[in-house]
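Visitor: I have this one open in the viewer. Can we walk through it?

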Amino acid sequence: MARGYWLLKTDAQVFSFDDLWRSPRRTTTWDGVRNYQARNLLRDSVHVGDGVLIYHSSADPTGIAGLAEVASAPFPDPSQFDPRDEHHDPRSARESPTWYAISVRATRKLERVLTLAELRGNSALAGMGVLKKGNRLSVQPVSPAEWRAILAVAGPEPSPGGLR
């Protein structure tokens, strides 16, 4: 059972929920976070089994594309040490890494993207971080009530014999 819930933003043109859904074991490393507040949440507050909303930013439409779960404890983000990686941080040392990552496993592809406009129109989500002006954080907590409201909007899971 999840003890926490999170919204993770991704640029769908770089890595979409579909990419995660099609990946081996539907699991990937969630790396490249380069904001200290988001890093602190990943490092200190995110736990294995927590529920995750995968949110497409810079997409058409912008919104929640799928559900996932945290599949690993936080670990030093390997991209910070790779000079060929766009997320390389030459100031970060292996002995005291600056940046952290987690593994995320896709659990459910939604039938449709739950759009930002749709989320804004749902009064149960009025306090959700992603709906606040200027909130660009790539890792955001989601309350249990917000999680339940999102699941209600998403509708029932397809049957095991369905296409998903």
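Guide: What follows is a short tour of a few local features. The model is predicted.

Visitor: Start with the helix at 36-44. Which residues of α2 are buried?

Guide: Ala38, Arg39, Leu41 and Leu42 are buried in α2. Seen down the axis of α2, these buried residues fall within an arc of 160°, so they line one face of the helix.

Visitor: Why do residues three or four places apart point the same way in an α-helix?

Guide: An α-helix has 3.6 residues a turn, so residues at that spacing point the same way.

Visitor: And what covers the buried residues of α2?

Guide: The cover includes three strands: β1 (5-11), β6 (100-115) and β7 (139-142).

Visitor: What does Asn35 do at the start of α2?

Guide: A side-chain oxygen of Asn35 comes within 2.9 Å of the backbone nitrogen of Gln37.

Visitor: Different topic. Where is Ser23, and is it buried or exposed?

Guide: Ser23 sits in the loop between α1 (17-22) and β2 (27-30). Ser23 has a relative accessible area of 15%, which is under the 20% cut-off, so the residue counts as buried.

Visitor: What does the side chain of Ser23 reach?

Guide: The side chain of Ser23 reaches the backbone oxygen of Leu20 at 2.7 Å. A polar atom of that side chain also lies 3.3 Å from the backbone nitrogen of Thr27.

Visitor: What about phi of Arg25 in that loop?

Guide: Phi of Arg25 is near 55°, a positive value in a residue other than glycine. Arg26, also in the loop between α1 and β2, has a phi near 55° too.

Visitor: How exposed are Arg25 and Arg26?

Guide: Arg25 counts as exposed at 72% relative accessibility. Arg26 is partly exposed, with a relative accessible area of 32%.

Visitor: Which residues does a cis peptide bond join?

Guide: Asp60 and Pro61, with omega about 10°. Pro61 is in the loop between β3 (51-57) and β4 (63-70). Most peptide bonds are trans.

Visitor: How does the lining of the largest pocket split by class?

Guide: Five residues are nonpolar, nine are polar and five are charged.

Visitor: Last one. Is Glu86 buried or exposed?

Guide: Glu86 is exposed, at 70% relative accessible area. Glu86 belongs to the loop between β5 (75-76) and β6. The C-alpha atoms of Glu86 and Trp147 are separated by 32 Å, and these residues are 61 apart along the chain.

Technical notes. Residues numbered from 1 in each chain as written. Predicted model: local features only at pLDDT ≥ 70, side-chain atom pairs only at ≥ 80, totals over all residues. Heavy atoms only, no water. Helix = DSSP H or I, 4+ residues; strand = E, 2+ residues; numbered from the N terminus. Buried < 20%, exposed > 50% of the residue type's maximum accessible area, 1.4 Å probe, protein only. Polar contact = N/O pair within 3.5 Å; in protein donor to acceptor, adjacent residues only side chain to side chain. Arc of directions from axis to C-beta. Contact = heavy atoms within 4.5 Å. Nonpolar A, V, L, I, M, F, W, Y, C, P; charged D, E, K, R; others polar.
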